[in-house]
Amino acid sequence: MCGQGSSKKNFGRPSESLKTILRGRKSGSLEREDSLKLFSVLSCQKHTKFSGAGLSTTCLLCDLKRQEHREAHCDGKYRPVEEGRFNAALNWNTVNFVFFSPFSASVVIHHPFLVSHQAISNKDQHSISYTLSRAQTVVVEYTHDSNTDMFQIGRSTESPIDFVVTDTVAGSQSNSDTQSVQSTISRFACRIMCQRAPPYTARIYAAGFDSSKNIFLGEKAAKWKTSDGQMDGLTTNGVLVMHPRSGFMQDSKPGVWREISVCGNVFTLRETRSAQQRGKMVETETQELVDGSLIDLCGAALLWRTAEGLSRTPTLKHLEALRQEINAARPQCPVGFNTLAFPSMRRKDTPDEKQPWVYLQCGHVHGYHNWGNHREEREGREGRLRECPMCRAKGPYVPLWLGCEAGFYVDAAPPTHTFSPCGHVCSEKTATFWSQIPLPHGTHTFHAACPFCAQQLSGEQGYIRLIFQGPLD
């Protein structure tokens, strides 16, 4: 995940190709005379669009030389581009070419068929296209960087996506439960750049490159030009990141949610998820991912773990040992006096006969029984309120499941607490940590959720301590 020894695609340094197109000028505005020389080209009768900048003998749209045009379909009938037409399309004082060190180069294009067509149609060239209006586009080109690896995340199943994600539906147990949901995750949601050399720093950027190695930000996407002349923007639903304070461990506290831009800058959240107005830039924070960083893609939340962090995390074998240790204690149901046992780590669709159940109002653990079953539930009506036979407290009565994703645990302590209302069991520190994390929900709300099933937590704390009864013998 951190790119050790990988040969993945990589890029990052400014392109040299636009330097040639603009005849060696590295910065500043082009003078009118230079602009006329640069853009005064020919178009053929078949292709009425303007040809490429500086390519006066080649038609940009079909890539045929002048002589080939005569033989193919133009009959040698060329006509010069009308100067007045260019004056209407171009603002001569704002045709800029500026290098942005160290990652990109940019050119403002006031006619989409002048330079953008060539940059975007080149499948060997990574580029980002910022559409400012129907007549104005900015293209930023990228070249390969041998020191980094790029990993892309999104909903698309196309080859550029390394990790395909689908929408997380609260309480769902398989991908089939999410098929009917209209996705809010971008097809090319984000990209993560990992250094190949220690300390293998990972940085996240909004948006990912498609099969043509392009990123397109349309007219409606939030975009702007920075004070140093660089272009930047946000995706429609945004990429949000939250870094925990003090790392991902027992005493971790939640951080503040921020939004990451296409260029990796950090901003406060927008008023709503897809608002046009960006938040304020947070210059004291970076897009560097740390152990326990949460990434929200508006439909799925991802947890970033480092190799060092995972070395402190309990393994599946450790969780299995804890499960067997609980079962070896032979907890009993106070009503039926039958022995209870947590099922194997592979969760089934329905609880088995020895499955532990809990009253979420008080935490007493029982086997399944009908004691205290209210009339509404016996008649099949909605409502799962049950009365605990031990303390007479009324509340939800749910089966218990051991949380089996080891990466979500902040310590290796025994599973003594359960999330409410789903019944997933984990350690006390883990339950405390996740109950304090406000996960994005919808366009502008946040709520804590169970990390194992994404169900919104309920109750005063969102979790409760389990009370087992030991064997009578």
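K213 lies in the loop between β11 and β12 (214–217), where helices (DSSP runs of H or I, at least four residues) and strands (runs of E, at least two) are numbered from the N terminus. This is a predicted model, in which local features need pLDDT of at least 70 and side-chain atom pairs count only at pLDDT 80 or more, while totals for chains, interfaces and linings use all residues. Residues are numbered from 1 along each chain as its sequence is written, and side-chain values use heavy atoms, with hydrogens and water left out.

Most residues other than glycine have a negative phi, and most peptide bonds are trans. Phi of K213, however, is positive, near 65 degrees, although K213 is not a glycine. With a relative accessible area of 24%, K213 is partly exposed, a term for values between buried (under 20% relative accessible area) and exposed (over 50%), found with a 1.4 Å probe on protein chains only.

R330 is another residue other than glycine with a positive phi, here near 50 degrees, and its place is the loop between α7 (316–328) and β20 (357–359). R330 counts as partly exposed, at 37% relative accessibility.

Two peptide bonds are cis, as the table shows.

| Cis peptide bond | Omega |
|---|---|
| P198 to P199 | near 5 degrees |
| S420 to P421 | near 15 degrees |

Where in the chain do P199 and P421 lie? P199 is in the loop between β10 (190–195) and β11 (202–206), whereas P421 belongs to the loop between β25 (417–419) and β26 (424–426).
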